[in-house]
Amino acid sequence: MDKFMKTKTTLITGGGSGIGATLTKNLIAKGEVVVTLGLDLPNWKHDNLISYQADLTDTEQTNEAAQLISSSHKINNIVHNAGMILPNLLPKVKTDDILTLSHLHLAAPIALTQAILPNMINDKNGRIVFISSRASMGMPTRSAYAATKAGIHGLAKTWALELAENNITVNVIAPGPVLTQNFWDLVPKDSELQQEISDNIPVGRIGTTGDIANAVEFFLDEKASFVTGQVLYVCGGTSLKGLGT
């Protein structure tokens, strides 16, 4: 659909809900085309919205989606937002948790970016943005999550060096607590625990999906072409206190 359009097209994993959904709506409101990929399909439609469904913890499904999207659309930017937590204290951490999250947080974006990279290199332009987490700095019950989110930082810095000569920037957003379903899966909505977390955040509130989407849009902007290989903590100050999700 969008391969003949001049407007930018951004691939967003996990674009059907949470942070990804807000970012999708923001970009479409600017007149851009968005291709979403993930388990959840958006519950709304738009002429500039194209959606694909796949389990990004599954190698075969990921590779098939990567080839289908790259052959059907001219992707200019990619935002790897899809994520999963799988919390466990050390005695209960499973090797399978590490493997699952390694595929979702690291292998999937490698496969997707490899598929669309030739177009970016040909255009001598592109934006790659990862959604990581403040928890990459360490947090109880986050062994698998923190390890693989921290791995994103190394991946992004490596790609930033490799791709800089092609005017392709690679950056990371590391959110603190954000009011999404992932958050409420662990913290009951409007509970005392939610209020306690909010009270312990330096800015005095939990983040919104809009807070994160706004930061991603900065990295996607052409005016940010001199910023690459950076990790931006959008966390209300929790990275300064050792708190977060």
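This passage walks through the overall build of the chain and then turns to its aromatic pairs.

The model described here is predicted. Its chain holds seven helices and seven strands, and read from the N terminus these elements follow the order β-α-β-β-α-β-α-β-α-β-α-α-α-β. Along the principal axes, the C-alpha atoms occupy a box of roughly 50 × 35 × 35 Å. How does the chain compare with a compact globule? For 245 residues, such a globule would have a radius of gyration near 18 Å, and the value of 17 Å for the chain agrees with this.

Of the 245 residues, 50% are buried. Among contacts with a separation of 6 or more, 70% join residues 24 or more positions apart. The accessible surface amounts to about 11600 Å², with 54% of it belonging to carbon and sulfur atoms. As for charge, the chain carries 19 positive and 22 negative charges, whose mean positions lie 5 Å apart.

A pair of aromatic rings is described by how far apart the centres are and by the angle of the planes. Two aromatic pairs were counted in the chain. In one of them, Phe-130 and Trp-159 are tilted, with 5.5 Å from centre to centre and 50 degrees between the planes. This pair links distant parts of the chain, since Phe-130 belongs to strand β5 and Trp-159 to helix α4, 29 residues apart. Phe-130 counts as buried because its relative accessible area, 1%, is under 20%, and Trp-159 is also buried, at 11%.

Phe-218 and Phe-219 form a tilted pair as well, with centres 5.4 Å apart and planes at 50 degrees. Here Phe-219 is buried at 2% relative accessible area, whereas Phe-218 is partly exposed at 43%.

Conventions. Residues numbered from 1 in each chain as written. Predicted model: local features only at pLDDT ≥ 70, side-chain atom pairs only at ≥ 80, totals over all residues. Heavy atoms only, no water. Phe/Tyr/Trp six-rings, centres within 6.5 Å; stacked < 30°, edge-to-face > 60°. Helix = DSSP H or I, 4+ residues; strand = E, 2+ residues; numbered from the N terminus. Buried < 20%, exposed > 50% of the residue type's maximum accessible area, 1.4 Å probe, protein only. Rg over C-alpha atoms; globule rule 2.2 N^0.38 Å. Contact = heavy atoms within 4.5 Å. Areas by Shrake-Rupley, 256 points an atom, 1.4 Å probe, with all protein chains shown as cover. Lys, Arg positive; Asp, Glu negative; His and termini not counted. Charge placed at Lys NZ, Arg CZ, Asp CG, Glu CD.
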